[in-house]
Amino acid sequence: MITVTGATGRLGRLTVAALLERGVPAGRIVAAVRSPAKAADLAERGVQVRRADYDEPATLATALAGTDALLLVSGSEVGRRLPQHRNVVEAAVAAKVGLVAYTGILNSDTTKMALAEEHKATEALIRESGLPYVFLRNGWYVENYTGDLAPALESGALIGAAGDGKIAAATRADYAAAAAAVLAGDGHAGKVYELGGDTPFTMSELAAELSRQTGGRIEYRNLSEDEYAEALVSAGVPEPFARILADSDTGIARGDLTTGSGHLRALIGRPTTTLADAVAAALKG
């Protein structure tokens with residue numbers, strides 16, 4: 001049995017789809033979700049839907065029963081993820097799960113980004129558990145930038161504090177395909193995959209691609225970390241999270257979110273989605 005946590009989230013749902021595309025029988029896939037009603041479409045396809053709340057250990061014990069391979073999709077609540085992940089790992093130990101794949105962050109063992117701290121701690125927790133594991137250290141999602149292009153198109157500018165740092169971003173679908181390949185394949189236990197797009201880009205290059213495809217003039221305005229955090233707060237982002245995002249941009253400027261490993265391409269068996277294709281898809285809506 002292959003279990004995917006957070007299976008109604010954007011990455012989890014794409015991973016379930018990728019497993020089905022690989023020919024994994026729907027009945028061998030468990031969608032572990034906080035709200036089963038949101039997974040009705042998966043149930044209709046024959047996928048097992050089980051309730052699993054990271055904050056409720058009893059639900060996790062039931063959800064992970066009979067699991068051979070588990071994808072632990074990292075929680076979205078920054079600051080609360082470690083205790084939530086601990087609940088999942090303890091349930092996985094009790095269920096004698098055969099393999100735990102964890103979606104961490106690119107270069108987590110070397111980056112100084114604040115966002116990486118919970119990922120580092122979770123990886124340590126999994127190692128200490130004694131469970132066979134594989135770490136899928138995902139780089140940035142291209143959708144972090146293309147998910148809402150309206151402000152940039154309206155103002156004619158992208159803003160950030162990433163300087164000329166390269167970003168080895170890839171689409172969620174690319175990362176999901178890699179996760180599916182690991183979950184449905186063999187020989188991945190003990191591996192650490194640094195996952196990122198084939199062609200890292202800078203924010204200025206992203207702005208240039210947007211300009212090319214829209215026919216407008218969009219520039220990248222580089223701010224200091226504090227200025228960027230303040231701009232995010234002004235746009236409605238809660239200050240603690242704005243500070244984390246701004247710190248992450250400083251990490252990008254240092255080179256923390258780039259890689260030339262080729263691991264993502266190797267796992268999915270094809271080139272990663274290009275920046276041009278990702279931008280084009282976003283502009284089409």
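# Exercises on salt bridges and a parallel sheet

Arg-34, Arg-51, Asp-53, Asp-55, Glu-56, Glu-77 and Arg-80 form one network of salt bridges (a salt bridge is a side-chain nitrogen of Lys or Arg within 4 Å of a carboxyl oxygen of Asp or Glu). The model is predicted, with local features needing pLDDT of at least 70 and side-chain atom pairs counting only at pLDDT 80 or more, while totals for chains, interfaces and linings use all residues. Residues are numbered from 1 along each chain as its sequence is written, and side-chain values use heavy atoms, with hydrogens and water left out.

## Exercise 1: salt bridges

Find how many salt bridges there are by this rule, then describe the pair Asp-174 and Arg-270.

Solution.
1. The count comes to 20 salt bridges.
2. In the pair of Asp-174 and Arg-270, the closest N and O atoms are 2.8 Å apart.
3. This pair links distant parts of the chain, 96 residues apart: Asp-174 belongs to helix H8 (residues 172-184), and Arg-270 to the loop between helix H12 (263-268) and helix H13 (275-284). Helices (H or I, at least four residues) and strands (E, at least two) are DSSP runs, numbered from the N terminus.
4. Asp-174 has a relative accessible area of 0% and is buried, whereas Arg-270, at 33%, is partly exposed. Buried means under 20% relative accessible area, exposed over 50%, and partly exposed in between (1.4 Å probe, protein chains only).

## Exercise 2: a pair within one helix

State how Glu-209 and Arg-212 are placed in helix H9, and decide whether Glu-209 is buried or exposed.

Solution.
1. The two residues form a salt bridge whose closest N and O atoms are 2.5 Å apart.
2. Glu-209 and Arg-212 are three residues apart in helix H9 (residues 203-214), so about one helical turn separates them.
3. Glu-209 is buried at 14% relative accessibility, and Arg-212 is exposed at 57%.

## Exercise 3: the sheet

Give the strand order of the open sheet and name the strands at its edges.

Solution.
1. The seven strands are ordered E3-E2-E1-E4-E5-E6-E8, with parallel pairing. Two strands pair if DSSP finds at least two bridges between them.
2. Strand E3 (48-51) and strand E8 (192-195) are at the edges; each has a single partner strand, so one side of each lacks a neighbour in the sheet.
3. Ignoring direction, neighbouring strands are turned by 20° against each other on average. Axes are lines fitted to C-alpha atoms, for helices over the stretch in contact, and angles run from 0 to 180 degrees between N-to-C directions.

## Exercise 4: strand E6

Work out how E6 is paired with E5 and E8, and where its side chains point.

Solution.
1. Strand E5 (residues 99-105) and strand E6 (residues 133-138) are parallel partners over six bridges. Tyr-102 has Phe-135 as its bridge partner in E6.
2. The chain passes from E5 through helix H5 (residues 117-129) to E6 in a right-handed β-α-β crossover (with the strands pointing away from the viewer, the path from the first strand over the helix to the second runs clockwise).
3. E6 also runs parallel to E8, joined by four bridges, and Phe-135 has Val-192 as its bridge partner in E8.
4. In a regular strand, side chains alternate between the two faces of the sheet. Tyr-133, Phe-135 and Arg-137 point one way from E6, while Val-134, Leu-136 and Asn-138 point the other way.
5. Six of the six residues of E6 are buried, so the strand is largely enclosed by the rest of the structure.
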